[in-house]
Every structure is written in structure tokens, then in C-alpha cells.
Amino acid sequence: MCNHCGAFILFTNSTVMFSLQLFKDARYFQIIFQGIFLSYGIYFLHWNAEYWLYATYFITSLAVQFLAEYFLGKKGIPFLHRLKNGIPSVIISSFGLSLLLKTNQWWVAVIAASVSILSKYILRIQGKHIFNPSALGIVVAVLVTGNAWISPGQWGSGAVILFGVLCLGFIVTTRVQKLDVSIAFLGTFAGLVFIRQIIYLGWPMDHFVQSISTGSLLLFSFFMITDPKTIPNHRVARIVWCMVIAAVSFYLTAFKFINGAPIFMLVFAQPLVPLLDKVFKARKFEWVQSKAYTAEENNFLRIVYSRSSM
């Protein structure tokens with residue numbers, strides 16, 4: 001009986017320690033939350049579950065990642081190691097497409113996914129890819145093919161609490177330290193909407209709340225524009241950059257009625273990031289990868305194991 005209990009303790013502690021090591025990489029939290037969002041939309045908001053579309057995004061992204069890493073990846077690093085480290089980003093991009101981009105054509109989905117992944121390898125300056133992968137895939141699919149669209153209305157108002165809590169939880173728990181980006185964008189956008197709708201037009205507060213609480217806007221604010229690899233490294237530069245994107249997005253949304261304006265503006269503004277990084281010097285962001293157990297952790301496991309066999 002003691003052996004069974006000890007084995008359970010060993011398994012539990014090993015699992016906890018593995019999880020702690022794994023989730024040092026903030027991307028895994030984002031994958032979990034995006035999966036929750038997609039499941040929430042399908043099972044609680046009763047979306048039309050287009051499983052073929054989601055499968056096309058994921059399969060195409062993984063296949064293109066494999067080929068791009070093999071032919072275009074850094075040859076000094078073992079192929080399997082490079083491939084493993086890139087998989088979380090591929091999954092994040094696939095979820096981004098699944099959550100925001102709609103199309104009735106399989107080839108459009110293939111184009112969007114392929115552009116998203118290939119842009120990380122081809123469109124690079126100073127060791128950083130220029131564009132947010134899923135944002136570029138969405139913009140290319142919408143503007144070039146004419147057979148895709150962004151669907152912000154599918155989220156409804158019932159998703160607000162879920163998005164707010166989980167998005168803020170993502171920022172706090174993963175310590176990506178890019179909350180300033182979300183605040184700068186969403187604060188500027190909401191402020192301008194408030195001035196126009198409440199102060200200038202005198203509309204009821206309900207209109208304002210509905211305008212700033214759409215799921216697509218919150219998803220963009222917390223998961224797309226905050227991509228640390230495609231925003232300015234310097235804090236002041238990225239805050240001003242986000243505020244400008246928010247201001248232009250507000251204008252295009254309120255006066256030109258452009259659906260998905262923040263995503264378009266993000267893509268159009270990202271070529272300015274290398275210039276801002278050159279003018280405003282700051283340390284470049286790097287994802288923290290999972291590491292092997294330390295000597296202290298291995299010693300702890302040995303102690304637990306020895307006690308489990310008593």
C-alpha cells in the first residue's frame with residue numbers, strides 16, 4: 001500500500017514540476033486560452049462549427065512549418081529541436097485564424113495559413129519577423145482573394161466577462177509584461193469611442209459598452225497586438241505606436257465602416273517597427289523556453305522516489 005502511495009506522490013510531484021517547467025513559456029497559456037475561446041464559441045455561443053476549416057488551418061500551418069523549418073531554418077540548430085520550439089507559435093497562429101477569419105473556400109484557408117507561417121521566415125529584419133503571422137494571413141486572405149471576411153459579430157455580448165477575465169489572467173500569469181500594449185490600444189480606442197458616442201452624439205451608455213466589448217476587439221487587444229516579437233522593443237515607442245494604431249482604427253471603424261480595422265492597421269503599421277527599434281534602443285524580447293530539471297529538482301525527485309519504496 002505504501003509503495004502505491006509513494007508511486008502516486010512521485011507521479012504527482014513529477015507532473016507538477018514538469019508543468020512548471022513547461023509553462024515558463026508563455027505561449028502555452030495562450031494556446032490553452034485560445035482553445036477555451038474557440039470551444040466557448042462553438043458550444044455556448046452556438047457557432048456553425050466549421051471543423052473542416054479549423055482542420056485546414058492547423059494541418060496547413062503544421063505542414064508549412066515543417067517545410068520552412070527544414071529548408072529555411074537555422075542550420076546550426078538541430079532540425080527536431082527547431083521544429084519543436086516552433087510548434088507553439090504555429091498553434092497560436094492557427095487558433096488566431098480559426099477565431100477570426102471566415103471563408104467558404106478551402107484554398108483560401110490554405111493561402112491564409114501558408115502566408116502566416118512563411119512570413120516568419122521570409123519577412124524578417126534584425127532577427128525579428130515583421131508581421132504578426134495570423135494578422136498578415138487574415139489581411140492577405142481578405143484583400144487578395146475576396147473570398148474571406150472577418151466576423152466580429154459572432155461573439156455577442158455574452159462573451160465579455162469570459163474574455164475579460166481570461167485575457168487579464170493571461171497577462172498576469174504568464175508575465176509577458178506587455179500589459180502596457182493592451183492598455184494603450186484599448187484605452188485610446190475606448191476613449192475616442194466614448195468622446196464621439198457619449199459626449200458628442202449623446203448616445204446611451206449601452207451603445208458605448210457594446211462598441212468596446214466585442215469579443216474580436218478584446219481578442220485583438222490581448223492576443224494579437226501584444227505579440228512581443230512584432231512590436232517595438234522600447235516601452236515608450238510601443239505605447240505611442242499602439243495609440244496611433246488605435247486612433248486610426250477608430251477613424252476607419254466610426255467613419256469609414258471598415259470591418260476589422262484594427263487588424264488591417266496592425267499589419268500596415270508593423271513595417272515601422274524595425275525603424276522604431278533602430279531609433280529607440282531596447283533589449284529584444286525572447287521567448288523563455290522550457291528547461292530541464294535543475295540539480296536541486298533532480299535531488300528532490302530522488303528523495304521522493306526513495307521514500308516511495310519504503
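## A nonpolar patch on the surface

Eight residues, Phe 66, Leu 67, Tyr 70, Phe 71, Leu 72, Leu 118, Ile 122 and Leu 123, make up a nonpolar patch on the surface. Together they have about 780 Å² of accessible area. Two elements give two or more residues each: helix H3 (51–72) and helix H5 (106–122). H3 gives the most, with five residues. Leu 118 lies in H5. Leu 118 is partly exposed, with a relative accessible area of 32%.

Some terms need cut-offs. A patch takes residues with over 30% relative accessible area and no salt bridge; nonpolar side chains (Val, Leu, Ile, Met, Phe, Trp, Tyr) are joined within 5 Å, and like charges within 9 Å. Accessible areas come from the Shrake-Rupley method with a 1.4 Å probe, and for residues only the protein chains shown count as cover. Buried means under 20% relative accessible area, exposed means over 50%, and partly exposed lies in between.

## The model and its overall make-up

This is a predicted model, in which local features need pLDDT of at least 70 and side-chain atom pairs count only at pLDDT 80 or more, while totals for chains, interfaces and linings use all residues. Residues are numbered from 1 along each chain as its sequence is written, and side-chain values use heavy atoms, with hydrogens and water left out.

The protein chain has 14 helices and four strands. Helices (H or I, at least four residues) and strands (E, at least two) are DSSP runs, numbered from the N terminus. Of the 310 residues, 48% count as buried. The chain exposes about 16,000 Å², and carbon and sulfur atoms supply 70% of that area. Take the contacts (heavy atoms within 4.5 Å) between residues at least 6 apart in sequence: 78% of them join residues at least 24 apart.

## The nonpolar cores

In soluble globular proteins, nonpolar side chains tend to be buried together. A nonpolar core is a set of buried Ala, Val, Leu, Ile, Met, Phe, Trp, Tyr and Cys residues joined through side-chain atoms within 4.5 Å. The largest core here has 63 residues. Leu 101, Ile 138, Ile 225, Trp 241 and Ile 263 have the most contacts inside it. Helix H8 (residues 179–200) gives the most to this core, with eight residues.

What does Leu 101 touch, leaving aside its neighbours within four places in sequence? Its contacts are Leu 53, Tyr 57, Gly 96, Ala 112, Ile 138, Ala 141, Val 142, Ala 148 and Trp 149. A second, separate core has five residues, including Val 64, Ala 68, Val 90 and Tyr 121.

## Helix H6

Helix H6 (residues 133–145) has 13 residues. From first C-alpha to last, H6 reaches 17 Å, close to the 18 Å expected. The expected span is 1.5 Å times one less than the number of residues. H6 is mostly covered, with ten of its 13 residues buried. Among them are Leu 136, Ile 138, Val 139 and Val 142. Just after H6, Gly 146 takes a positive phi of about 70°.

## Salt bridges

A salt bridge is a side-chain nitrogen of Lys or Arg within 4 Å of a carboxyl oxygen of Asp or Glu. The count comes to five. In one, the side chains of Lys 102 and Glu 50 meet at 3.6 Å, N to O. Lys 102 is in strand E1 (residues 101–103), Glu 50 is in the loop between helix H2 (27–43) and H3, and the two are 52 residues apart. Lys 102 is buried at 7% relative accessibility, and Glu 50 is buried at 13%.

Glu 69 and Arg 82 form another, at 3.0 Å. This pair links H3 and helix H4 (residues 79–100). Lys 128 and Asp 277 meet at 3.1 Å. Lys 128 lies in strand E3 (residues 128–129) and Asp 277 in helix H13 (residues 273–279), so the pair ties together parts that are 149 residues apart in sequence. Both residues are buried. Asp 180, Arg 235 and Arg 238 are linked in a network of salt bridges.

## Positive phi angles

Most residues other than glycine have a negative phi. His 46 is not a glycine, yet has a positive phi of about 60°. His 46 sits in the loop between H2 and H3. Is His 46 buried or exposed? At 64% relative accessibility, His 46 counts as exposed.

Phe 257 also has a positive phi, near 55°. Phe 257 is found in the loop between helix H11 (235–254) and helix H12 (261–269). At 70% relative accessibility, Phe 257 counts as exposed.

Conventions
Buried < 20%, exposed > 50% of the residue type's maximum accessible area, 1.4 Å probe, protein only.
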